[in-house]
Amino acid sequence: MALQSEQRWTSRTYVWVTESDPTVRAYYAIAPTTVLRDVDGLSQALSSGMSSVPAFLLAKFALDQSLHGQGLGEQLLVDAVTKMMGAAQTSGGRLIVVDAIDEAAASFYARYGFKPVQKTPNRLVMKMATALSAFGVTSGR
């Protein structure tokens, strides 16, 4: 599926491996998307009055179970968000969107400042401007 998405230019997938072992230990995928204010229940502050808000979706996000509890999930998230911020600086995009697989995943994202939308269960968003300051990257504008 990741290869098909790459070939169709619908998303980009990034993997973590070690130099000594090509086994994938973590991965994430990023895709451009739009968030519909009325469908998802975005606030005025998040949508900036737009009915269709340009965004980037963290489409896949996984860390090998054996690596949990070592702070690597945070590092993986920072890596993904940094890539999305770079894309937004080049092409625009107001939000970062995650669709958490379960409540535990939603709690993970919430710890980093993602906010749940009102109408779509386990969907959380963060304004790009918030991510720029929260993850210590300057906009370069």
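Mentor: S1 and S2 form a hairpin with 2 residues between them. Helices (H or I, at least four residues) and strands (E, at least two) are DSSP runs numbered from the N terminus. This is a predicted model, where local features need pLDDT of at least 70, side-chain atom pairs count only at pLDDT 80 or more, and totals for chains, interfaces and linings use all residues. Residues are numbered from 1 along each chain as its sequence is written, and side-chain values use heavy atoms, leaving out hydrogens and water.

Trainee: In which sense do S1 and S2 pair?

Mentor: Two strands pair if DSSP finds at least two bridges between them. Strand S1 covers residues 12-18 and has 6 bridges with S2. Arg 12 stands opposite Ile 30 in S2. The sense of the S1 and S2 pairing is antiparallel.

Trainee: Over how many bridges do S2 and S3 pair?

Mentor: S2 spans residues 21-36 and S3 spans residues 52-63. Thr 34 lies opposite Pro 54 of S3, and Val 35 has Val 53 as its bridge partner there. The two strands pair in the antiparallel sense, and the number of bridges is 11.

Trainee: What handedness does the β-α-β unit of S3, H4 and S4 have?

Mentor: S3 and S4 (residues 95-99) are parallel over 4 bridges, with Val 97 in S4 as the bridge partner of Leu 57. A crossover is right-handed if, with the strands pointing away from the viewer, the path from the first strand over the helix to the second runs clockwise. With helix H4 (residues 72-91), the unit is right-handed.
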